[in-house]
Amino acid sequence: MRKHIAAAGVAALAVTALAGCSTSGGDDEAAGTDGGTTTLTVFAAASLKGSFEDLAQQFEAAHDGVDVQLSFAGSSDLVAQIQQGAPADVFASADTANMDKLTADDLVGEPQDFATNTLEIAVPPGNPAGVETLQDLADPDVALVTCAPEVPCGAASAKVADAAGLDLKPVSEEQSVTDVLGKVIAGEADAGLVYVTDVAAAGDDVEGVEFPEASEAVNTYPIAPVADAKQADLAQQFVDLVLSDDGQQTLAGFGFAAP
């Protein structure tokens with residue numbers, strides 16, 4: 001049965017897991033297993049939640065006794081956790097910049113691009129603020145929410161704003177794209193800059209407003225096994241699944257484009 005870790009709990013898990021390695025955890029714990037079950041830990045950008053849950057199910061179905069443990073958060077947060085020693089076998093980032101930080105530190109294997117994504121404006125049903133263009137987001141009467149600049153969706157938001165010559169002043173900057181979407185769904189924002197995949201996943205909870213400037217900031221998603229992963233072989237097999245025809249078909253079903 002696959003386990004999911006809330007973003008806020010990942011750091012706590014890391015501390016607990018690392019502490020467990022220094023105590024008498026037993027042979028199963030040292031081997032990354034639990035009562036005959038092998039755990040594969042995958043850290044993935046928040047925007048990958050739906051697609052990676054599907055891929056994890058496929059992987060588990062093809063690997064008896066393997067439990068894929070998924071941890072979703074903003075890519076920059078996940079990078080910081082890996083740098084601090086959080087136990088992970090695979091890392092999938094929503095941009096190359098954050099993956100490059102781990103590559104520079106020799107904390108991952110060779111990254112491979114597996115998907116691309118672009119921004120879209122999410123608005124509440126009925127679009128009460130009447131947002132129709134990117135330029136509308138600069139209206140001080142529009143409560144805009146974006147990702148923080150260090151988060152891939154925030155960096156992309158800044159890039160499209162610069163391309164359009166806009167000075168966007170969001171009322172809130174979030175640490176993940178799902179947090180931005182959550183603000184819009186909760187009625188706490190008139191608009192949010194998220195990915196097209198997030199709008200699609202939200203269904204009737206939001207409406208999407210496309211804008212041509214989105215082509216100025218296409219995010220490329222890389223994936224790599226984490227260096228010294230406890231489950232190195234399984235980590236590479238999970239990466240291979242993501243890159244396979246089946247994996248690419250799954251990602252396309254969630255709105256991702258090919259790299």
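Predicted model: local features only at pLDDT ≥ 70, side-chain atom pairs only at ≥ 80, totals over all residues.
A disulfide is here a pair of cysteine sulfur atoms within 2.5 Å. By this rule the count comes to one disulfide, which joins cysteine 147 to cysteine 153 with an S to S distance of 1.6 Å. The torsion about the S-S bond of cysteine 147 and cysteine 153 is about -90 degrees, so the disulfide is left-handed.

Residues are numbered from 1 along each chain as its sequence is written, and side-chain values use heavy atoms, without hydrogens and water.

Strand β10 spans residues 191-195, and five of its five residues are buried (strands are DSSP runs of E, at least two residues, numbered from the N terminus). Strand β8, residues 144-147, pairs with β10 in the parallel sense over two bridges (pairing requires at least two DSSP bridges between the strands). Here valine 145 stands opposite glycine 192. Strand β7, by contrast, runs antiparallel to β10, joined by four bridges, and isoleucine 121 faces leucine 193 across this pairing.

Glutamate 120 lies in β7, residues 119-123. Beyond its neighbours within four places in sequence, glutamate 120 contacts residues including Gly192, Leu193 and Val194, as well as Gly208 and Phe211 (contact means heavy atoms within 4.5 Å). Glutamate 120 is buried yet has no salt bridge (a side-chain nitrogen of Lys or Arg within 4 Å of a carboxyl oxygen of Asp or Glu). The nearest side chain of opposite charge, lysine 159, is 19 Å away (Lys and Arg count as positive, Asp and Glu as negative; His and the chain ends are not counted).

Definitions and conventions. Buried < 20%, exposed > 50% of the residue type's maximum accessible area, 1.4 Å probe, protein only.
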